[in-house]
Amino acid sequence: MLAFHSANNAFPQWPEYNRMIGLGWRPRDYGTSLIVTDDGAVLRLPPGEGGPTSHGARIDALVTRLGDHPMHAGLPRQWKAADIEVYRYTRGPAEQVQVLSYAREPATGLNFPIEWAVRYGKGRVYTSTLGHVWPGDPALKGVQCAGFQTLLFRALDWLAGKPVDGAVPADFPPPDKTSLRTSPAVPPATAS
């Protein structure tokens, strides 16, 4: 199952969905929240600790991958993702959750998960807060991000149990600037 961006906001009263996504936009007392230390350790915060699930303004954020998941094969350890919301204090059962990447949230100075994988029974789940889309966005930079697009297709292969194409596109973003792709339906956005 692919839980794309705000799909982790859905079905808060459905216990099995919460187990599938592992972490979501839930009340402060709902479940465990995860933060990542600067040295890559994943810390578990019990219900009620930390702030409410929220996010600040969209930013171009430095994303750091954690570990060597097949979806990240060959990718740099860090890249600049375009126009993302860094969700702070997502909460849930946090069972079988593997944090794949994280970014620093400016208001708190803490690192929060950006992508994570969940083993759910015999199934695989990939959740990502990359690729923000909102009605009326003039540029859609979040979905034009070469990093987001690369990871989306790799995730689909991994979810389907297929080998993940480890080729790294020449336009994959480096750590110091975003890399945007245009489409005929969307006017080009300015990279930052």
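Residues are numbered from 1 along each chain as its sequence is written, and side-chain values use heavy atoms, with hydrogens and water left out. Because the model is predicted, local features need pLDDT of at least 70 and side-chain atom pairs count only at pLDDT 80 or more, while totals for chains, interfaces and linings use all residues.

**View 1. The largest cavity and the residues that line it.**
A search of the whole structure turns up 1 cavity of 30 Å³ or more. Here a cavity is a set of points, on a 1 Å grid over the protein atoms alone, where a 1.4 Å probe fits but cannot get out, and lining residues have an atom within 4 Å of a point. The volume of the largest cavity, about 40 Å³, is the space filled by probe spheres set on the points, which are joined across faces, edges and corners. Look for Leu-2, Ala-3, Phe-4, His-5, Tyr-126, Ser-128, Phe-148, Leu-151 and Leu-152 around this space. Two or more lining residues come from each of β1 (2–4), β9 (123–128) and α3 (146–159); helices (H or I, at least four residues) and strands (E, at least two) are DSSP runs, numbered from the N terminus. The lining divides into 7 nonpolar residues, 2 polar and no charged, where Ala, Val, Leu, Ile, Met, Phe, Trp, Tyr, Cys and Pro count as nonpolar, Asp, Glu, Lys and Arg as charged, and the others, Gly among them, as polar.

**View 2. Ser-128 in strand β9.**
One of the lining residues from View 1, Ser-128 counts as buried at 3% relative accessibility (buried means under 20% relative accessible area, exposed over 50%, partly exposed in between, with a 1.4 Å probe and protein chains only). Its side chain reaches the backbone nitrogen of Leu-130 at 3.1 Å. Leaving out residues up to four places away in sequence, Ser-128 touches Ala-3, Phe-4, His-5, Ile-114 and Glu-115, with contact meaning heavy atoms within 4.5 Å.

**View 3. Trp-25 and Tyr-87, an edge-to-face pair.**
The structure holds 7 aromatic pairs. Rings of Phe, Tyr and Trp (its six-membered ring) pair if their centres lie within 6.5 Å; planes under 30 degrees apart count as stacked, over 60 as edge-to-face and the rest as tilted. The centres of the Trp-25 and Tyr-87 rings are 5.2 Å apart and their planes stand at 85°, so this pair is edge-to-face. Trp-25 sits in the loop between α1 (15–21) and β2 (32–36), and Tyr-87 in the loop between β5 (78–84) and β6 (91–92), 62 residues apart. Trp-25 is partly exposed at 30%, whereas Tyr-87 is buried at 3%.

**View 4. Tyr-89 and Phe-112, another edge-to-face pair.**
Here the rings lie 4.9 Å centre to centre, with 70° between the planes. Tyr-89 belongs to the loop between β5 and β6 and Phe-112 to strand β8 (residues 111–120), so the pair ties together parts 23 residues apart in sequence. Tyr-89 is buried at 10% relative accessible area, and Phe-112 is buried at 0%.

**View 5. Arg-181 in the segment after α3.**
With a relative accessible area of 23%, Arg-181 is partly exposed. A polar contact of 2.7 Å joins its side chain to that of Asp-171 (a pair of N or O atoms within 3.5 Å; within protein, one must be able to donate a hydrogen and the other to accept it, and residues adjacent in sequence count only if both atoms are side-chain atoms). Beyond residues up to four places away in sequence, Arg-181 also touches others, including Gln-144, Gln-149 and Pro-169.

How values were computed. On a 1 Å grid over the protein atoms alone, a cavity is a set of points where a 1.4 Å probe fits but cannot get out, and a pocket is an open set with protein on both sides within 12 Å along at least five of seven lines; lining residues have an atom within 4 Å of a point.
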